[in-house]
Amino acid sequence: MSLLLISFGHYAADSGEAEVPVEVIDQDLNRIWGQPSLLGQPISVDVKPGSYLVRAHLPSGEMASAQISVNANETKPVS
C-alpha cells in the first residue's frame with residue numbers, strides 16, 4: 001500500500017474549521033475514498049500504487065483538485 005497525505009494549504013487560510021467533501025478518484029474514474037473533512041486538518045488515505053485525482057468542493061463554490069501518481073510503499077503529499 002501507499003499513502004496520500006492531503007492538505008489544502010492556502011485554501012484553508014481563512015476557512016476556520018470549514019467542513020468540505022473530499023474525494024479520491026482512481027485512473028479508472030472510480031471513487032475509491034470520500035468523506036467530509038475539515039479544511040485545516042491534514043488527511044491520510046491508503047491507496048494502491050497508481051494515479052489519482054484528489055478533489056475538494058470548497059465553501060466558495062470552487063473546486064480544488066490535484067493529480068498525483070504514487071508508487072508501491074510510497075508516501076506522497078497532495079496540496
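Which residues does Ile6 touch, not counting residues up to four places away in sequence? The legends below take up this question along with others. The structure is a predicted model, in which local features need pLDDT of at least 70 and side-chain atom pairs count only at pLDDT 80 or more, while totals for chains, interfaces and linings use all residues. Residues are numbered from 1 along each chain as its sequence is written, and side-chain values use heavy atoms, with hydrogens and water left out.

**View 1. The protein chain as a whole.** The protein chain has seven strands and zero helices, where helices (H or I, at least four residues) and strands (E, at least two) are DSSP runs numbered from the N terminus. Its C-alpha atoms fill a box of roughly 35 × 20 × 15 Å along the principal axes. The radius of gyration of the protein chain is 12 Å, which agrees with the value near 12 Å that a compact globule of 79 residues would have; the radius is taken over C-alpha atoms, and the globule rule is 2.2 Å times the number of residues to the power 0.38. Of the 79 residues, 37% count as buried, where buried means under 20% relative accessible area, exposed over 50% and partly exposed in between (1.4 Å probe, protein chains only).

**View 2. The largest nonpolar core.** A nonpolar core is a set of buried Ala, Val, Leu, Ile, Met, Phe, Trp, Tyr and Cys residues joined through side-chain atoms within 4.5 Å. The largest such core has 21 residues, of which Leu4, Ile6 and Val24 touch the most other members. At least two residues of this core come from each of β1 (2–6), β2 (19–26), β4 (43–47), β5 (50–57) and β6 (63–70), and the largest share, four residues, is supplied by β6. In soluble globular proteins, nonpolar side chains tend to be buried together.

**View 3. Leu4 and Ile6.** Leu4 has its place in strand β1 and is buried, with a relative accessible area of 0%. Not counting residues up to four places away in sequence, the residues that Leu4 touches include Val24, Tyr52, Ile68, Lys76 and Val78, a contact meaning heavy atoms within 4.5 Å. Leu4 and Ile68 are 64 residues apart in sequence, and their C-alpha atoms are 8.8 Å apart in space. Ile6, with the same exclusion of residues up to four places away in sequence, touches Val24, Gln41, Pro42, Ile43, Val45, Val54 and Val78.

**View 4. The loop between β6 and β7.** Ala72 is found in the loop between β6 and β7 (75–78), and, not counting residues up to four places away in sequence, Ala72 touches Ser2 and Pro49. Ala72 and Ala18 are 54 residues apart in sequence and 33 Å apart in space, C-alpha to C-alpha. Asn73 also lies in the loop between β6 and β7, and Asn73 is exposed, with a relative accessible area of 68%. Although Asn73 is not a glycine, its phi is positive, at about 60°.

**View 5. Leu29 in the loop between β2 and β3.** Leu29 lies in the loop between β2 and β3 (31–38) and, at 72% relative accessibility, counts as exposed. Leu29 has a positive phi of about 65°, although it is not a glycine. Most residues other than glycine have a negative phi.
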